[in-house]
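Colleague: Before we discuss the fold, may I see the sequence and the coordinates together?

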Amino acid sequence: VLVMPHHGKYLAILPSLLTRIGCTTAIISCGENTYGHPDARTLALLKSRGIPFFITREKGAVGFLWKENRWEVKQNGKDHF
């Protein structure tokens, strides 16, 4: 699991970073902003590699629970705090 750098801003090193770490899931921590985060290129890169991602602005807090020998994604929902 990778927490994407800088709120999902696109960085030229992202493709090699994803390859090197073997990322299978990504979290993008960001709220409403005027900077364009997360960047559409970052989302396209994750989609093109088949990496599921969760954006906290849309899904709220994201956590992981070890269950039956695998990780299960738990989303709290952004309106449940």
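Predicted model: local features only at pLDDT ≥ 70, side-chain atom pairs only at ≥ 80, totals over all residues.

Modeller: Residues are numbered from 1 along each chain as its sequence is written, and side-chain values use heavy atoms, with hydrogens and water left out.

Colleague: What radius of gyration does the protein have, given its 81 residues?

Modeller: The radius is taken over C-alpha atoms, and the globule rule is 2.2 Å times the number of residues to the power 0.38. The C-alpha trace spans about 35 × 30 × 15 Å along its principal axes. For 81 residues a compact globule would have a radius near 12 Å, and the protein agrees with that at 13 Å.

Colleague: What percentage of the residues in the protein is buried?

Modeller: Buried means under 20% relative accessible area, exposed over 50%, and partly exposed in between (1.4 Å probe, protein chains only). By this definition, the buried share of the 81 residues is 31%.

Colleague: What is the strand order in the open sheet?

Modeller: Two strands pair if DSSP finds at least two bridges between them. The open sheet has 3 strands with parallel pairing. Its edge strands, each pairing on one side only, are β1 (2-3) and β3 (53-55). The order is therefore β1-β2-β3.

Colleague: Which residue of β3 is the bridge partner of Ala 26?

Modeller: Strand β2 covers residues 26-28 and runs parallel to β3, to which 3 bridges join it. In β3, the partner of Ala 26 is Phe 53.

Colleague: Which strands does helix α2 touch as it packs on the sheet?

Modeller: Axes are lines fitted to C-alpha atoms, for helices over the stretch in contact, and angles run from 0 to 180 degrees between N-to-C directions. The direction of helix α2 (residues 40-48) makes about 150 degrees with that of β3. Contact means heavy atoms within 4.5 Å. The strands touched by α2 are β2 and β3.

Colleague: Is Met 4 buried or exposed?

Modeller: Met 4 lies in the loop between β1 and α1 (14-21). Leaving aside neighbours within four places in sequence, Met 4 is in contact with Leu 14, Ala 26, Ile 27, Ile 28, Thr 42 and Leu 46. The C-alpha atoms of Met 4 and Ser 29, 25 residues apart along the chain, are separated by 7.5 Å. With a relative accessible area of 4%, Met 4 is buried.

Colleague: Which residues does His 37 touch, not counting those up to four places away in sequence?

Modeller: His 37 is found in the loop between β2 and α2. With a relative accessible area of 11%, His 37 is buried. The residues touched by His 37 are His 6, His 7, Lys 9, Cys 30 and Arg 57.

Colleague: Which residue in the turn between β4 and β5 has a positive phi?

Modeller: Strands β4 (residues 62-67) and β5 (residues 70-75) run antiparallel and are joined by 6 bridges. Val 62 stands opposite Gln 75 in β5. The two strands form a hairpin with 2 residues between them, and the turn residue with a positive phi, of about 50 degrees, is Glu 68.

Colleague: Which residue forms a salt bridge with Arg 41?

Modeller: A salt bridge is a side-chain nitrogen of Lys or Arg within 4 Å of a carboxyl oxygen of Asp or Glu. The structure holds 4 of them. In the one formed by Arg 41, the closest N and O atoms are 2.9 Å apart, and the partner is Asp 39.

Notes:
Helix = DSSP H or I, 4+ residues; strand = E, 2+ residues; numbered from the N terminus.
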